Amino acid sequence: MSRIEEKYKPALSGKKIPIVTLDHKWHRIFAKVDKPESIIQKEEELNELLRRQGKYNTETKDIRKLKKKMMDEIVKLMEENDSASEKKIEDNKRLINECNEKIEEYQDKLLELPKEIKRVNEELMLETMDICYDAMHRNERQIREITDWVRDIRIELKKNIVRKQEMEIANEELYSYLHNIFGADVIDMFDMKYNPMDHPVKPAANNSEKPESEKENK
């Protein structure tokens, strides 16, 4: 059984899922994760359903306005009581019937569309969850690798700092010995770039040493 069937579908049960393509946070996910073709297709399908829903709602509203206008005209024409008015009334009645048929057709479609939108939206969410799962676990592996790398680099850095200090101390001792014999010319004689005595190495802090204030109190 796939993760979608085993984990994600039960998780969606009873949840009100927002329309994902209208959620800017959903779009931000795919700024960091490649959007597969299956997601693109479902996204287009969902957007098309939403467009149709919007179109039917708008057209239903417009038809209702037209129907009301023609009904108002019929009321006025009935007062005139002439042949031209009667013909116009019949025309308006025919158009009103067409409006009713169109409204009924749109209402039937608007009853079905929410189910289709919900189905495609949930399918899109399920695929998104699956993609997020893979991306998060891939990131976790890389996070562990980077964490290990940082730890190893820190250890190596500490070792190299100690080696550097040891070599500086050794150079200081060697220079001091040679300086006592040859004087300041030792820098040129040994092609040295700087005088080690001008950059004395500070001894590492000894945590076992007590502060001066404690020594004075004794």
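Helices here are DSSP runs of H or I with at least four residues, numbered from the N terminus; the model to which this is applied is predicted.

**Exercise 1.** Determine where Lys115 and Glu112 lie, and how exposed each of the two residues is.

*Solution.* Begin with the placement: Lys115 and Glu112 are both part of helix H4, 3 residues apart, which is about one turn of the helix. Next, take the contact, in which their side chains form a salt bridge with an N to O distance of 3.9 Å, inside the 4 Å cut-off. Finally, consider accessibility: Lys115 is exposed, with a relative accessible area of 54%, whereas Glu112, at 46%, counts as partly exposed, because exposed means over 50%.

**Exercise 2.** Identify the salt-bridge partner of Arg119 and state which helices the pair ties together.

*Solution.* The partner is Glu45, with the closest N and O atoms 3.4 Å apart. Since Arg119 belongs to helix H4 and Glu45 to helix H3, the pair ties together parts that are 74 residues apart in sequence. Arg119 is partly exposed at 34% relative accessible area, and for Glu45 the value is likewise 34%, again partly exposed.

**Exercise 3.** Find which residues form the negative surface patch and which helices supply them.

*Solution.* The patch is formed by Glu79, Glu80, Asp82, Glu86 and Glu90. Helix H3 (37-80) and helix H4 (83-182) each supply at least two residues of this patch. As one of its members, Glu86 lies in helix H4 and is partly exposed, with 47% relative accessibility.

Terms used:
Residues numbered from 1 in each chain as written. Predicted model: local features only at pLDDT ≥ 70, side-chain atom pairs only at ≥ 80, totals over all residues. Heavy atoms only, no water. Patch = residues over 30% accessible without salt bridge, like charges linked within 9 Å, V, L, I, M, F, W, Y side chains within 5 Å. Areas by Shrake-Rupley, 256 points an atom, 1.4 Å probe, with all protein chains shown as cover. Lys, Arg positive; Asp, Glu negative; His and termini not counted. Charge placed at Lys NZ, Arg CZ, Asp CG, Glu CD. Buried < 20%, exposed > 50% of the residue type's maximum accessible area, 1.4 Å probe, protein only.
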